[in-house]
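User: I'd like to learn how to read helix packing and chain contacts in a model like this one. Can you walk me through it?

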Amino acid sequence: MVKSGAAKRGSATGLLLAVLLASGAGIVTLKAATDRVVRKKLPGSSIIYIPSGKFLKYAAFGYRGLAADAIYIWAIQYYSTPAIDDRLDHFDHIFAIINELDPRFQDPYEVGAMIAVQEARDALERARDQALFSSLIRAAFAILDRGAANNPDQWVYPFDAGHIALMNLKDYPLAEKYFAQCMKIPGAPDFVERLRANAIFKKGDLKTSWETWLDIYKRAPDERTKKIASNHLYNVKATIDKEGLEGSAAKFRERFGRLPADLEALVRTGFIREVPRDLDGKDYLYDPATGKVKTVISPWRR
Amino acid sequence: MKIGAIAGITFKEAKRDRVLYLLFFFAALGIVASRVLAVLTVGDRIKIIKDVGLASISVFGVLMAILIGTGLVYKEIDKKTIYTLLAKPLHRSEFILGKFLGLVLTLLVMTAAMAVIFLAIVYAHTARVEGSLLVAVAYIFLELILITAVAVLFSSFSTPILSSLFALAFYLIGHLSWGLELIIKKMRPGTGKALVRALYLVLPDLENFNFKTEVVHGLPIPPAIYLSSFLYGVCYTAFILGLAVLIFRRRDFI
């Protein structure tokens, strides 16, 4: 029996569908099987070939903003995947590309610096990796510096940089520099001035700190600010007096071989002209056993 | 036999295509120019030469597959030579497979020629034949076979311009689909995740044929991936060709 044309076509179609089904199943199965094979990766190889933003600006064919958006979205996913061990190797490079492609795109500056600081803290706390900590903190400053340079009207970048210097790096001169830079930008909030005064105090320049807080106190627009400045003035004066009194007590011990019984003894022996009092006119508390001086009340609970 | 005859004619036809030689010229130029690029770098020059060379073979090979492949079937329909061919005792599936194999043969010759130039350039720098580079070239060729099948598929029902765009889109998707894996990991379990997972499995993953990094840096390649990647390429090509035949069988040329 010879098969009819229609029957032949029917069997050919059936065969074709069988091929499609079999190859389709093969695709899915083999895809899953191939994914299970762990391939060796080169550290940083996933991003090492990303060229500089300067080049990409031309390669983006006018779609710079879109290219910046795409890389930013990718970067967020990339840096929030801890499984990629070497993801932090080219951190600043990636954010520099985004900044170069779209210098007015604000989020990458803040978010990039935030990720860098968070990862830096993790590096120090979990892995005790001082080198990675330093490199990431440098990256955070580099990103924020670019933000400030590209957006001179935005106070938030020097503010963030000052905050990182103050809180994470404990680099008070650097914090003061950034807060001073921030204060010069129109729209910067009043509290930046107070943060700068606090940074000056923490770096140990008590005289400038006193002058700065006094200036803030005099120009305070409301009672709350006046009170804050007053508390800081109290603290600065107490610190100056405490240093003076404890230093004199130490000298007293050098001469007499013992600590003074009270602060009046320092006046009687000529180490100080008079016993200072705190900003509220109250006496300081002196411990004759240790030679330490403290205020009767916390500066922040006056 | 009939498939062989069609493939032979297609090969002869492709040989006369000036686009092929133009692309080959640029590929050779790219491979040779890698020497110039290497001069501009500091450090590992041979790495730059290998990277640029393999990229040239891959990119220009894909362009050859797309630009020639997308016109293969369309030209026969446009010039009405398809009537003469199909009037003979020739199955449409044989016609499609012949066209596909003819272009694959052309690409094999072109890839081999590019590989020879590439190996010669590498030899000029290292004074040794690096056979491991051929692994990357072989899998580039496997990728080109799949792209050829895609070009033939689109050529069977669309114009060359649209077919080129579709095939190019297939190529781009194939090299970007791995990103779905990242999305899947971040998604909460549910229908959405299952859908994305299904999409991930179905979409082409041309990174399975990409051994360039491993070969250039001398990283070990797990033996299991050779076979699974090869079979993956074969299955995908068979699927695409099956679709092409299915569509072409139902086409009406009048």
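Analyst: Let's begin with handedness: a crossing is left-handed if the near helix is turned anticlockwise from the far one by less than a right angle, and right-handed if clockwise. Here, α1(B) and α5(B) cross in the right-handed sense. Helices (H or I, at least four residues) and strands (E, at least two) are DSSP runs, numbered from the N terminus. Keep in mind that this is a predicted model: local features need pLDDT of at least 70, side-chain atom pairs count only at pLDDT 80 or more, and totals for chains, interfaces and linings use all residues. Residues are numbered from 1 along each chain as its sequence is written, while chains are lettered from A and ligands numbered from 1 in the order in which they are written.

User: At what angle do α1 and α5 of chain B pack?

Analyst: Two packed helices are described by the angle between their axes and the distance between the axes. Axes are lines fitted to C-alpha atoms, for helices over the stretch in contact, and angles run from 0 to 180 degrees between N-to-C directions. For α1 (residues 2-15) and α5 (residues 92-126) of chain B, the angle is about 45° and the axes are 7 Å apart. The pair is therefore oblique; angles under 35 degrees count as roughly parallel, over 145 as roughly antiparallel, 65 to 115 as roughly perpendicular and the rest as oblique.

User: Which residues make the contact of α1(B) with α5(B)?

Analyst: Two residues are in contact if their C-beta atoms, placed from the backbone, lie within 7 Å. Among them are B:I3, B:I6 and B:F11 of α1(B), and B:F95, B:L101 and B:L105 of α5(B). By class, that contact has 12 nonpolar, 5 polar and 4 charged residues. Ala, Val, Leu, Ile, Met, Phe, Trp, Tyr, Cys and Pro count as nonpolar, Asp, Glu, Lys and Arg as charged, and the others, Gly among them, as polar.

User: How do α3 and α6 of chain B cross?

Analyst: The axes of α3 (residues 45-78) and α6 (residues 132-155) of chain B come within 8 Å and cross at roughly 20°, which means α3(B) is roughly parallel to α6(B). Their contact divides into 17 nonpolar, 7 polar and 1 charged residues. α3(B) passes α6(B) in a right-handed crossing.

User: How many residues does each chain bring to the contact between A and B?

Analyst: Chain A brings 21 and chain B brings 24. On chain A's side, helix α1 (residues 5-36) gives the most, with 13 residues. The side of chain A that touches chain B has 11 nonpolar, 7 polar and 3 charged residues.
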